[in-house]
Amino acid sequence: MSKKYTGKILIILAAIALAGGGAWWWRVPGADKNGASTYQETKPQRNRIEVSILSTGIVQPENRVEIKPPIAGRVEEVMAKEGQAVKRGQLLARMSSTERAALLDAALAKGAAELTHWQELYKATPVLAPVDGTIILRNVEAGQSFTSQDAIFVMSDRLTIKAQVDETDIAQIKLKQKARIVLDAYPKDTVMAHVDQIAYDAKTVNNVTTYIVDVLPDRTPPTMRSGMTANVTFSIAAKDDALLISSEAIKAEDGKFFVFVGPLDAQAKPQRRAITVGISDGKRTEIVAGLIEQDTVYIPQAKKQGSRNGGGQTNPLSPMGARRSGGR
């Protein structure tokens, strides 16, 4: 385990100890009404563990392209619809300039033959897709007039999630890092993704500094829409078949970690054993050395303040690794 990660665990444990009065809880375990120390028993178990960072974001086009006509006029025919994937150079619509529209209207008054003659002689102007992408907005219908300032189509080359990551977590986010996306509109569907870009410029709102991280779906589902809210889980570390123990069972002293294990001595107290820890998701911590599955680990139970008989025992240690950006 890295020194940086070990330091974080030590800081968390130290803060918990200070909150409890500046003394290590393992030195003053809880007591029952007879004054005997009380412990909660647990055993290490093998399972998968994953360390992750949670964030929220908004689905937005990575590049938003507005298609505006070169001149004012009228739409004669529309061939594209919202949500349609198009290729660069694909015909989206045909339009008439203001002059052509007036000429066709005058020809129509003289009959269908006259109209056909001028339509063949004076061709409509095509509107083409400038890039590969998806039509996310269509602002015109056939017969509708427009100015040269109106965006008749809006395209997106691809959809991405703009996730807000707290500055305390940004150092753990890397390019190409794996992530999972769950849209609020479709909570049962998980979309695999990866980190595409990390902002260099921070944003500060209500004294909270965050960085925008672009998360690109590996496959954009048809249900994903621009403007949707998404929950993003960044995968920091993971391990299968790891030996795990509850994080509240782990104590620290002088930069080293230990737990209480059996068998109990003559005073019904467990023995202290040094351990080496690995990754932690907050509630559970990997044990690299010092324990086996057959060991019995004892968690000291602190007496609730204000109780004379020791009832209502509470655990003095909270889960490790609470984060402002959503937790690990």
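1. Strands here are DSSP runs of E, at least two residues long, numbered from the N terminus, and two of them pair if DSSP finds at least two bridges between them. Within this pairing, Arg64 has Ser156 of E10 as its bridge partner.

2. Please keep in mind that this is a predicted model, where local features need pLDDT of at least 70, side-chain atom pairs count only at pLDDT 80 or more, and totals for chains, interfaces and linings use all residues. Residues are numbered from 1 along each chain as its sequence is written, and side-chain values use heavy atoms, with hydrogens and water left out.

3. E10 also pairs with strand E8 (residues 133-138), again antiparallel and over 4 bridges. Thr134 has Ser156 as its bridge partner in E10, while Arg138 has Phe153.

4. Together, 4 strands make an open antiparallel sheet, ordered E3-E10-E8-E5. E3 and strand E5 (85-86) are at the edges with a single partner strand each, so one side of each has no neighbour in the sheet.

5. Now look at the side chains of E10 (residues 153-156): Phe153 and Met155 point one way, Val154 and Ser156 the other, and all are buried (under 20% relative accessible area, 1.4 Å probe, protein chains only).

6. A word on confidence: pLDDT is the predictor's confidence in each residue, from 0 to 100. The chain has a mean pLDDT of 81, and 80% of its residues reach 70 or more. Do take care with residues 16-33, where pLDDT stays under 50, and likewise with residues 306-328.

Technical notes:
Buried < 20%, exposed > 50% of the residue type's maximum accessible area, 1.4 Å probe, protein only. Contact = heavy atoms within 4.5 Å.
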